[in-house]
Amino acid sequence: PAVVLVFLDTLMLVTTLVFAVRYWPSLVPQFRRIGFDRWEAWAGIAILVPMLALNNVWHDFLRGLAGVEGESFIDTLRNAGVSEGALMLSIAVFPAITEEIAFRGLLQHWLLVAVRASTALVLTAALFAAIHFSIVSFPYLFALGLILGWMRWRTGSLWPPMAVHFLHNVAVLAWIGD
């Protein structure tokens, strides 16, 4: 499991880096603007706790319905000796940076030029949810992708969605570890 994690992290990091360097002029304005001066940034942060709670209830319900017990992927990594620092980098830091650059910074940015904002947000959120390869989590990840995309669209900045993505993944890491 640890080798898979390193491989996937490396693949996402390198792919995002290549596109970020190639299309850096598109990203510069999104990084220059901090975005926390807009209420939408704080609304995204405020909705995070209820969303995480709802997601936790949903997954508990499905596990109970299916009678599924067992350790999570994160527990498997911990039991294999992966340190908390490595998990934090792999689960919280890298995805918050790379996925936000890839999905909100580049893909959504390009789609906003080509289609209506609502269409761009829906398409980006659907692709974001799909790359997590979880049918069970798809509705939740789609909703999270919509919120992250809406924050990026309304603030003009990648910083608020990156912050919310990071906080989300830290919470998931902490909750799954219980």
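1. At what angle do helix H3 and H7 pack, and how far apart are their axes? In this predicted model, helix H3 (residues 39-66) and H7 pack at about 175 degrees, with axes 9 Å apart, the axes being lines fitted to C-alpha atoms over the stretch in contact and the angles running from 0 to 180 degrees between N-to-C directions. H3 is therefore roughly antiparallel to H7, a label given to angles over 145 degrees.

2. The contact (heavy atoms within 4.5 Å) involves, among others, Trp39, Ile47 and Leu52 of H3 and Tyr140, Leu144 and Trp150 of H7. By class, this contact of H3 with H7 has twelve nonpolar, three polar and two charged residues.

3. Helix H7 (residues 138-155) has 18 residues and reaches 25 Å from its first C-alpha to its last, close to the 26 Å expected at 1.5 Å a residue. Its buried residues (under 20% relative accessible area, with a 1.4 Å probe and protein chains only) include Tyr140, Leu144, Ile147 and Met151, and H7 is followed by Gly156, whose phi is positive, near 75 degrees.

4. His168, found in helix H8 (residues 159-176), counts as buried because its relative accessibility is 4%. Not counting residues up to four places away in sequence, His168 touches Leu48, Leu52, Tyr140 and Leu144.

5. On confidence, the mean pLDDT (the predictor's confidence in each residue, from 0 to 100) of the protein chain is 90, and 96% of its residues reach 70 or more.

6. Residues are numbered from 1 along each chain as its sequence is written, and side-chain values use heavy atoms, leaving out hydrogens and water. Local features need pLDDT of at least 70 and side-chain atom pairs count only at pLDDT 80 or more, while totals for chains, interfaces and linings use all residues.

Note on methods:
Helix = DSSP H or I, 4+ residues; strand = E, 2+ residues; numbered from the N terminus. Expected span 1.5 Å × (residues − 1). Buried < 20%, exposed > 50% of the residue type's maximum accessible area, 1.4 Å probe, protein only. Parallel < 35°, antiparallel > 145°, perpendicular 65-115°, else oblique. Nonpolar A, V, L, I, M, F, W, Y, C, P; charged D, E, K, R; others polar.
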